[in-house]
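Q: I am new to this structure. Could you take me through it step by step?

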Amino acid sequence: MKLNYKFLALVPLLFLLVGCPKDDSTTIEIRPFAEVYAEDLAEIETFMQTHTMSVDADYNVTVTEITATNPGTPIKDRTDLQFKTITQNDINYKLYYIKLREGVGENPTRLDSVYSSYKGFKSDLTVFDAASNPVWFQLGDVIQGWQEIFPEFKTGTYVANGDGTVTYNNFGAGIVFIPSALAYYSSSIGNIGTYTPLIFSFKLMRQRYKDHDGDKIYSKDEYGSVPTNVSTALDTDGDGLPDYKDYDDDNDGKLTKKELWDANSDVDTKGYFIFANIKDCNNAFLGPKRHLTTNCQ
Ligand SMILES: [Ca+2]
Ligand SMILES: [Ca+2]
Ligand SMILES: [Ca+2]
């Protein structure tokens with residue numbers, strides 16, 4: 001078996017974008033999604049029934065097994081436990097999570113970058129990866145479970161202390177229980193075996209909106225509605241390249257950025273076009289935005 005790793009600089013295990021292609025000599029059996037999910041869900045729900053968690057003042061989470069000498073409320077019985085349903089492979093995956101604190105700043109979308117500290121562990125409490133100091137990464141480069149959960153949280157505030165350190169306050173913090181199909185599934189990565197549900201506690205300090213095609217419209221705005229699934233991204237000209245990756249959304253030969261500059265479209269303090277203020281061909285808001293209309297330059 002050959003593994004392809006795409007490394008981001010100076011980052012630990014979580015940040016691997018992993019492919020697991022077959023080579024000529026090895027056949028990898030991919031198990032049915034429904035069969036694996038049934039096992040994963042049972043493992044996750046059993047874990048939540050048999051374990052309890054504590055949270056310190058800085059939102060560090062400690063999970064321990066419930067025993068006679070270590071009693072506690074099962075995670076499954078916590079009133080703040082909730083789940084998000086992710087539908088794919090004809091399966092409604094339950095992504096259980098707890099919002100310890102939502103945060104007070106911005107919600108990233110799955111297209112954006114986040115600055116996060118985290119701890120990842122398996123249901124036997126083995127920690128396979130952790131970053132106690134926050135690190136940046138693009139959600140598009142990491143496991144799907146992260147792309148799904150981070151948009152549910154907000155960033156915090158931060159102050160520079162003048163000595164090179166920064167203090168973060170009121171950041172989002174949580175824990176998430178990820179079925180293997182939303183993680184590495186059939187791949188074996190480090191000490192994460194195949195078909196392994198993963199558990200993460202995490203904090204969301206900051207986020208950065210991305211502009212994939214450099215047209216000065218944030219990807220989150222070009223995507224379409226609220227990003228929930230990559231396959232729903234808008235592709236105005238139908239060329240297979242979604243608007244957020246397309247320099248010329250309406251394929252009229254004039255760059256999106258140039259169309260909007262020439263029309264004196266409003267920009268924010270960072271020079272990005274204010275999406276809500278982009279007008280249509282008639283300088284109104286009644287029709288499709290001007291850069292999405294081929295006869296309007
Ligand atoms: Ca853009
Ligand atoms: Ca396109
Ligand atoms: Ca155009």
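Q: What kind of model is this?
A: It is a predicted model.

Q: Let us start with the metals. Which residues coordinate the calcium ion (ligand 1)?
A: The calcium ion (ligand 1) is held by Asp211 (OD), Asp213 (OD), Asp215 (OD), Ile217 (O) and Glu222 (OE), at 2.2 to 2.3 Å. Along the sequence, these donor residues have the spacing D-x1-D-x1-D-x1-I-x4-E.

Q: Are aspartate 213 and aspartate 215 buried or exposed?
A: Aspartate 213 and aspartate 215 are both buried.

Q: And the calcium ion (ligand 2), what are its donors?
A: Asp235 (OD), Asp237 (OD), Asp239 (OD), Leu241 (O) and Asp246 (OD) coordinate the calcium ion (ligand 2), at 2.3 Å. The spacing of its donor residues in sequence is D-x1-D-x1-D-x1-L-x4-D.

Q: Why does aspartate 235 count as partly exposed?
A: Aspartate 235 counts as partly exposed because its relative accessibility is 25%, and the partly exposed class lies between the buried limit of under 20% and the exposed limit of over 50%. Aspartate 237 is also partly exposed, with a relative accessible area of 22%.

Q: What about the calcium ion (ligand 3), which protein donors does it have?
A: Its protein donors are Asp248 (OD), Asp250 (OD), Asp252 (OD), Lys254 (O) and Glu259 (OE), which lie 2.1 to 2.3 Å from the ion. They follow the spacing D-x1-D-x1-D-x1-K-x4-E along the chain. Of these residues, aspartate 250 and lysine 254 are buried.

Q: Now the strands. In what sense do E5 and E6 pair?
A: Strand E5 (residues 81–88) and strand E6 (residues 91–101) pair in the antiparallel sense, over eight bridges. Within this pairing, threonine 85 has lysine 94 in E6 as its bridge partner.

Q: How many residues lie between the strands in that hairpin?
A: The hairpin of E5 and E6 has two residues between the strands, and asparagine 89 in this hairpin takes a positive phi near 55 degrees.

Q: How many bridges does E6 make with strand E11?
A: E6 pairs with strand E11 (residues 172–178) in the antiparallel sense over five bridges. The bridge partner of tyrosine 97 in E11 is valine 176.

Q: Changing topic, how much space lies in the second largest pocket?
A: The second largest pocket holds about 240 Å³ of space. It is lined by 13 residues, and those closest to its centre are Glu106, Gln207, Arg208, Tyr209 and Lys270.

Q: Which strand gives the most to that lining?
A: Strand E12 (residues 198–208) gives the most, with four residues. By type, the lining divides into five nonpolar, four polar and four charged residues.

Q: Which domains does the lining draw from?
A: The lining of the second largest pocket takes at least three residues from each of domain 1 (30–208) and domain 2 (213–297).

Definitions and conventions:
Residues numbered from 1 in each chain as written. Chains lettered and ligands numbered in written order. Predicted model: local features only at pLDDT ≥ 70, side-chain atom pairs only at ≥ 80, totals over all residues. Heavy atoms only, no water. Donors = N, O, S within 2.8 Å, 3.2 Å for Na, K, Ca; no water. Buried < 20%, exposed > 50% of the residue type's maximum accessible area, 1.4 Å probe, protein only. Pairing = 2+ DSSP bridges. 1 Å grid on protein atoms, 1.4 Å probe; cavity = no way out; pocket = protein on both sides within 12 Å on 5 of 7 lines; lining within 4 Å. Points joined across faces, edges and corners; volume = space filled by probe spheres on them. Nonpolar A, V, L, I, M, F, W, Y, C, P; charged D, E, K, R; others polar. Domains from an automatic or database assignment.
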